[in-house]
Amino acid sequence: LSNCITQNDVFHDLNESLSGYDWLNESNQDEILALFLMNEKLKGDRSAHKDFLKTFPEKINTPIFWSDDEKKNLNGTMCFVLTNLMINRLRFDWENVIFPLVKLAKCEIKSASFELYVWALSNVW
């Protein structure tokens with residue numbers, strides 16, 4: 001159980017770095033866990049959860065991760081529409097909520113990217 005990620009782990013690490021942000025509350029659990037995963041992944045071998053993180057896929061085979069050429073094959077389908085909506089929402093959340101938090105952090109997460117955010121959130125889902 002030592003490799004388990006608990007809610008206490010998540011809030012302890014993030015609150016130390018991002019204290020004072022009302023956004024860090026239980027109503028944003030997916031995003032908070034994604035932030036934690038991003039931070040732990042950026043820690044690399046220094047992460048207490050490094051062995052657990054190694055079990056996560058680097059790439060997830062969903063249209064969100066596909067190239068533009070691959071996504072063109074979905075053109076005319078509901079999957080194409082929903083994929084684009086999801087990507088736009090992820091980009092909006094990154095630019096307006098997550099990135100502003102990340103750039104003020106006092107830990108590894110300050111070097112996070114949009115791609116890392118999508119990876120982390122996809123692993124949470």
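## Contacts along the chain

In this predicted model, residues 24 or more positions apart make up 59% of the protein chain's contacts (heavy atoms within 4.5 Å) with a separation of 6 or more.

## Basis of the model

Numbering starts from 1 along each chain as its sequence is written, and side-chain values use heavy atoms, with hydrogens and water left out. Local features need pLDDT of at least 70 and side-chain atom pairs count only at pLDDT 80 or more, while totals for chains, interfaces and linings use all residues.

## Fold and surface

Let's turn to the overall layout. The protein chain has 6 helices and 0 strands (DSSP runs numbered from the N terminus: H or I of at least four residues for helices, E of at least two for strands). From the N terminus, the order reads α-α-α-α-α-α.

Of the 125 residues in the protein chain, 35% are buried (under 20% relative accessible area, with a 1.4 Å probe and protein chains only). The accessible surface is about 7700 Å², and carbon and sulfur atoms hold 52% of that (Shrake-Rupley method, 1.4 Å probe).

## Where α5 meets α6

Helix α5 (residues 78–102) and helix α6 (residues 114–124) have axes that come within 10 Å and cross at roughly 110° (lines fitted to C-alpha atoms over the stretch in contact, with angles from 0 to 180 degrees between N-to-C directions). The pair is therefore roughly perpendicular, a label for angles of 65 to 115 degrees.

From α5, Leu90, Arg91, Asp93, Trp94 and Ile98 meet Phe114, Tyr117, Val118 and Leu121 of α6. The residues of this contact comprise 7 nonpolar, no polar and 2 charged.

Technical notes:
Parallel < 35°, antiparallel > 145°, perpendicular 65-115°, else oblique. Nonpolar A, V, L, I, M, F, W, Y, C, P; charged D, E, K, R; others polar. Buried < 20%, exposed > 50% of the residue type's maximum accessible area, 1.4 Å probe, protein only.
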